[in-house]
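Grab a pencil and work through these exercises one at a time. Try each task yourself before you read the solution.

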Amino acid sequence: MEYNTQQRILPLPEYGRSVQNMVDHALTIEDRAERQRCANTIVNIMGGMFPHLRDVPDFKHKLWDHLAIMADFKLDIDYPYEIVKKESLEVKPEMLPYPHNGIRYRHYGRILECMIKKAVEYPEGEEKKQLISLIANHMKKSFLNWNKDGVEDRKILDDLREYSKGAISLTSEELHLTEQQRTYVPRRPQQNNNQRRMQNNNQRKKY
């Protein structure tokens with residue numbers, strides 16, 4: 001008995017080994033007209049496997065591209081579309097430009113650094129004060145997620161001054177941060193199977 005894991009890797013496993021065997025058979029057909037009919041039949045079978053994609057643009061075109069890929073671009077037929085080039089499949093995508101600058105305090109995150117920069121550039125007024133208050137309270141919340149022992153408001157305001165390079169310098173009297181409430185939810189004791197069965201029986205007796 002031969003397992004699938006012992007056979008060659010399928011180029012497009014979503015179509016299954018049966019369809020791949022059909023494609024392999026089409027490659028052995030010598031008569032060109034018969035080979036063309038076989039290819040048309042295979043594409044119709046492939047399309048029937050994904051009926052929910054029939055409304056997708058260029059669905060038929062993609063099926064013929066997939067047929068060429070499964071045949072390793074060796075199937076000599078008249079393709080109704082210009083199929084994908086083999087060379088284009090082997091081109092590696094360009095590397096994404098990831099930021100290389102480190103985060104000063106990881107518990108605050110990079111987004112908060114960007115928010116503080118925007119707050120520094122914000123025009124003076126009540127909206128800027130509200131924005132700074134929201135940022136500082138978010139900093140306190142993020143700090144407590146990292147350190148459950150608590151944090152003084154002075155520490156948050158010092159970090160805010162450091163992030164803004166001194167542009168946002170406030171005292172505890174000028175900005176009162178919200179107290180972060182931490183609620184304790186007691187865990188229910190785990191029950192074994194016998195305890196659950198007795199509890200269920202007691203509930204049935206009440207009814």
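**Exercise 1.** Is Asp159 buried or exposed?

*Solution.* Before we start, note that this is a predicted model, where local features need pLDDT of at least 70, side-chain atom pairs count only at pLDDT 80 or more, and totals for chains, interfaces and linings use all residues. Residues are numbered from 1 along each chain as its sequence is written, and side-chain values use heavy atoms, with hydrogens and water left out.

Step 1: Buried means under 20% relative accessible area, exposed means over 50%, and partly exposed is in between (1.4 Å probe, protein chains only).

Step 2: look up the value. Asp159 has a relative accessible area of 3%, so Asp159 is buried.

Step 3: place Asp159 in the chain. Asp159 sits in helix α7, residues 153–163. Helices here are DSSP runs of H or I with at least four residues, strands are runs of E with at least two, and both are numbered from the N terminus.

Step 4: find the neighbours. Leaving out residues up to four places away in sequence, Asp159 touches Tyr105, Tyr108 and Met139; a contact means heavy atoms within 4.5 Å.

**Exercise 2.** Work out how many helices and strands the protein chain has.

*Solution.* Step 1: count the elements.

Step 1: write down their order. From the N terminus on, the pattern reads α-α-α-α-α-α-α-α.

Step 2: The protein chain has 207 residues, and 29% of them count as buried.

**Exercise 3.** Describe how α1 and α2 are arranged relative to each other.

*Solution.* Step 1: know what to look for. Two packed helices are described by the angle between their axes and the distance between the axes.

Step 1: read off both values. The axes of α1 and α2 come within 10 Å and cross at roughly 170 degrees. These axes are lines fitted to C-alpha atoms, for helices over the stretch in contact, with angles from 0 to 180 degrees between N-to-C directions.

Step 2: classify the angle. Under 35 degrees is roughly parallel, over 145 roughly antiparallel, 65 to 115 roughly perpendicular, and the rest oblique. So α1 and α2 are roughly antiparallel to each other.

Step 3: see who meets whom. Val19, Met22, Val23, His25 and Ala26 in α1 meet Arg35, Cys38, Ile42, Ile45 and Met46 in α2.

Step 4: check the burial in α1. In this helix, residues 16–28, the buried ones are Arg17, Val19, Gln20, Val23 and Ala26. They pack against α2 (32–48) and α3 (59–70).

**Exercise 4.** Which residues does Lys86 touch?

*Solution.* Step 1: locate Lys86. Lys86 lies in helix α4, residues 86–89.

Step 1: list the contacts. Not counting residues up to four places away in sequence, Lys86 touches Asp72 and Phe73.

Step 2: take the distance to Asp72. Lys86 and Asp72 are 14 residues apart in sequence and 8.3 Å apart in space, C-alpha to C-alpha.
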